[in-house]
Amino acid sequence: MHTPSASGCAKVILFGEHAVVYGQPALAAALSKGARVHVVDDAAALTVEIPEWDVTARPDDGTRLGEALAAMAAVLEERAGEPPGGSLCVEFDVPVGAGLGSSAAMAVALARAMQPEADDALVLDVAAASERIFHGNPSGVDHTTSTLGGILRFRRGDEPPCVPLVGVAPIRLIIAQMEPGADTGEMVSGVREWLDREPEIVTQLLEWMGALTGQAEQALRQGDTPRLGRLMNLAHGALVSLGVSTPMLDRGCHAARRAGAWGAKLTGAGGGGCLIALASEASQRAVVEALEVEGAMRVLTTWAGAGRPSK
Ligand code: PMV
């Protein structure tokens, strides 16, 4: 028995959420936090335990996690020739269900723990099988970012849809979960209704958000973090216009800016969940405190766009 561990990164969407559904580019960044899987007993039958939720799952035990395990095991068996086993334990160091890609981080860490020799292509396929169980028809951005690390540009219809931005330095991000996350599908439907009601102006807004993502990529490549922060403020304004922000997310963004952040925006689907803030090293502490005072459920400071996760 030995206890190797494997990890998968969580992610944030830096720019372009919602607009990405309509073919605009988005930028996603892997976080240096996410999910870690320990092999408790590699001789045992396949079992996954998540102590934080008091859950233990086995393939085909009728639970969603069991179904995901079965789907992952099937891909591994087909590609690696033998069914995976082992008693595995999952730990998270990001909030779960808050738009940070925790399910993808878990799937990637599980894939790596079940098949330590797996290359990225296999990890991506195994994690995709799990994400399909949890999310139906996922865009792929979460598990791709989790597997490859770094910062990626994602655009539906491009081949491949996710391209790593090479040579871009990681940024230090403050992430605050301001309230429980909302259902992504419902938030996406809300934007669709808005678009159906005001097609011309909302289409322009979505295109404008795509242009903003292009500017943000430029700022990232130039290492111009103050400008990146300003662009975040503009992006938050667009997301407010799309109707996906909440008073709590808005208050958090204002508090972060007042405390000296260059910029802050909601990240992901909105309707609750997390915001991200970008601040100089000298201001980070004040920003974290301001978010806590504003009532954030959890605030973490982490590298976004960090390199490959450890195996
Ligand atoms: O809920 P998250 O953080 O995975 O983000 C959803 C992103 C959307 O653009 C709103 C939806 C999508 O499928 O891209």
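## Loop between β6 and β7

Helices (H or I, at least four residues) and strands (E, at least two) are taken here as DSSP runs, numbered from the N terminus. On that basis, Pro160 of this predicted model falls in the loop between β6 and β7, the latter strand covering residues 162–164. The peptide bond that leads from Glu159 into Pro160 is cis, and its omega is near -5°.

## Domain arrangement

The protein is divided into two domains: domain 1 spans residues 5–164, and domain 2 spans residues 171–304. Domain 1 contributes 27 residues to the contact, while domain 2 contributes 40 residues. The distance between the C-alpha centres of domain 1 and domain 2 is 24 Å.

## The interface between the domains

The size of an interface is often expressed as the accessible area that is lost when the parts come together. Between domain 1 and domain 2, about 2600 Å² is buried, with carbon and sulfur atoms accounting for 68% of it. Three residues, Phe15, His18 and Tyr22, provide 29% of the area that domain 1 buries against domain 2, which is more than any other three residues provide.

Ten residue pairs are in polar contact across the interface of domain 1 and domain 2, counting pairs with both residues at pLDDT 80 or more. On the side of domain 1 that touches domain 2, at least two residues come from each of β1 (5–15), β2 (26–41) and β6 (151–154). Strand β2 gives the most to this side of domain 1, namely seven residues. By class, the residues on the side of domain 1 that touches domain 2 comprise 18 nonpolar, five polar and four charged.

## Salt bridges

Side chains of opposite charge can pair when their charged atoms come close. The count of salt bridges in the model is ten, and between domain 1 and domain 2 the count is two. Glu17 and Lys265 form a salt bridge through their side chains, with an N to O distance of 2.9 Å.

A salt bridge also joins the side chains of Lys11 and Asp142, at 3.1 Å from N to O. This pair connects distant parts of the chain, since Lys11 belongs to strand β1 and Asp142 to helix α4 (residues 141–148), 131 residues apart.

## Surroundings of the ligand

Which residues are around the ligand? They are Lys11, Ile13, Glu17, His18, Val20, Val21, Gly99, Asp142, Thr184, Val188, Gly268 and Ala269. Among them, Lys11 and Asp142 are partners in a salt bridge, and Glu17 is paired with Lys265.

A polar backbone atom of His18 is 2.8 Å from an oxygen atom of the ligand. For Gly99, a backbone N or O atom is 3.0 Å from a ligand oxygen atom. In Thr184 the atom concerned is an N or O of the side chain, placed 3.0 Å from an oxygen atom of the ligand.

## His18

His18 is located in the loop between β1 and β2. Its phi is near 70°, a positive value in a residue other than glycine.

Technical notes: Residues are numbered from 1 along each chain as its sequence is written. Side-chain values use heavy atoms; hydrogens and water are left out. Domain bounds come from an automatic or database domain assignment. Contact means heavy atoms within 4.5 Å. Buried area is the accessible area (1.4 Å probe) that two parts lose on being put together, summed over both. A salt bridge is a side-chain nitrogen of Lys or Arg within 4 Å of a carboxyl oxygen of Asp or Glu. A polar contact is a pair of N or O atoms within 3.5 Å; within protein, one must be able to donate a hydrogen and the other to accept it, and residues adjacent in sequence count only if both atoms are side-chain atoms. Ala, Val, Leu, Ile, Met, Phe, Trp, Tyr, Cys and Pro count as nonpolar, Asp, Glu, Lys and Arg as charged, and the others, Gly among them, as polar. A residue is near a molecule or strand if one of its heavy atoms lies within 4 Å of it.
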